[in-house]
Amino acid sequence: MSFNLLPLPYAANALGPLISQETIEYHYGKHHRKYVETLSALLLHEPGLQDASLVEVIRAASASKQRALFNNAAQVWSHNFYWHSICPPGAAPEPEGELARLIGSAFGSVAGLASALCNEAEAHFSNGWVWLLLEEENLVIRSFHDADTPLVHAGVIPLLNIDVWEHAYYIDYRNDRADYATAVTEGVLNWSFAAMNLDGKGADRADQRPEQQAASDVK
Ligand code: ZN
């Protein structure tokens, strides 16, 4: 069994000009794809995980401290989540209802939340992920290093993420992570996805099932 690269929820040029088609072609088409391929190769040696979902693989690899398996599986899941956390500029309505209430009480306003996300993205040392999470019924921002994911941290519900690996922005913003974070937070965050994930099912929305290998792939 192996995992496939899930389709993007929009066209590769749909996020322009804030995130270019070339960035998507590299980030999704090469980096994300490579994690999927490496994960599938590693799973050939894991007979106990042949029917496991992506989330189950991540949790099993974390528990057994299989670093390469964890890193690649977690990166696939976090990227699945990221492609839904962003959307074409202007496509997502401003937060409303329960999400707007939570943002107001934790950050004062949507602008306050955007600014806090940017600060976390800029301050995060090295590669990783910035997350908007629900923790004890309050919104919090946390960043995680490398492939680490809220899936293996108790008590947090994932709502939105921002990829702060350099591969997410080097084509459009060179080394300027702050400019990239500003563009994402002010232009393409998918508030509808965050609002949907208040139900606690965000992890499932980025999950995937293994696929039967194509006959030509079977050695
Ligand atoms: Zn990435």
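Predicted model: local features only at pLDDT ≥ 70, side-chain atom pairs only at ≥ 80, totals over all residues.
1. Local features need pLDDT of at least 70 and side-chain atom pairs count only at pLDDT 80 or more, while totals for chains, interfaces and linings use all residues. Residues are numbered from 1 along each chain as its sequence is written, and side-chain values use heavy atoms, with hydrogens and water left out.

2. Helix 2 spans residues 54-63 (helices are DSSP runs of H or I, at least four residues; strands are runs of E, at least two; both are numbered from the N terminus). Its buried residues are Leu54, Val55, Val57, Ile58 and Ala61 (buried means under 20% relative accessible area, exposed over 50%, partly exposed in between, with a 1.4 Å probe and protein chains only). They cover an arc of only 160 degrees around the axis, which puts them on the same side of helix 2 (the arc is that of the directions from the helix axis to the C-beta atoms).

3. The buried residues of helix 2 pack against helix 1 (21-43), helix 3 (67-85) and helix 9 (202-205) (contact means heavy atoms within 4.5 Å). Lysine 65, which follows helix 2, has a positive phi, near 55 degrees.

4. In helix 5 (110-123), the buried residues are Leu113, Ala114, Leu117, Cys118 and Ala121. Seen down the axis, they fall within an arc of 135 degrees, so they line one face of helix 5. Ala111, Glu122 and Ala123 are exposed on the other side.

5. Partners of the buried residues of helix 5 include helix 4 (97-107), strand 1 (128-135) and helix 8 (191-196).
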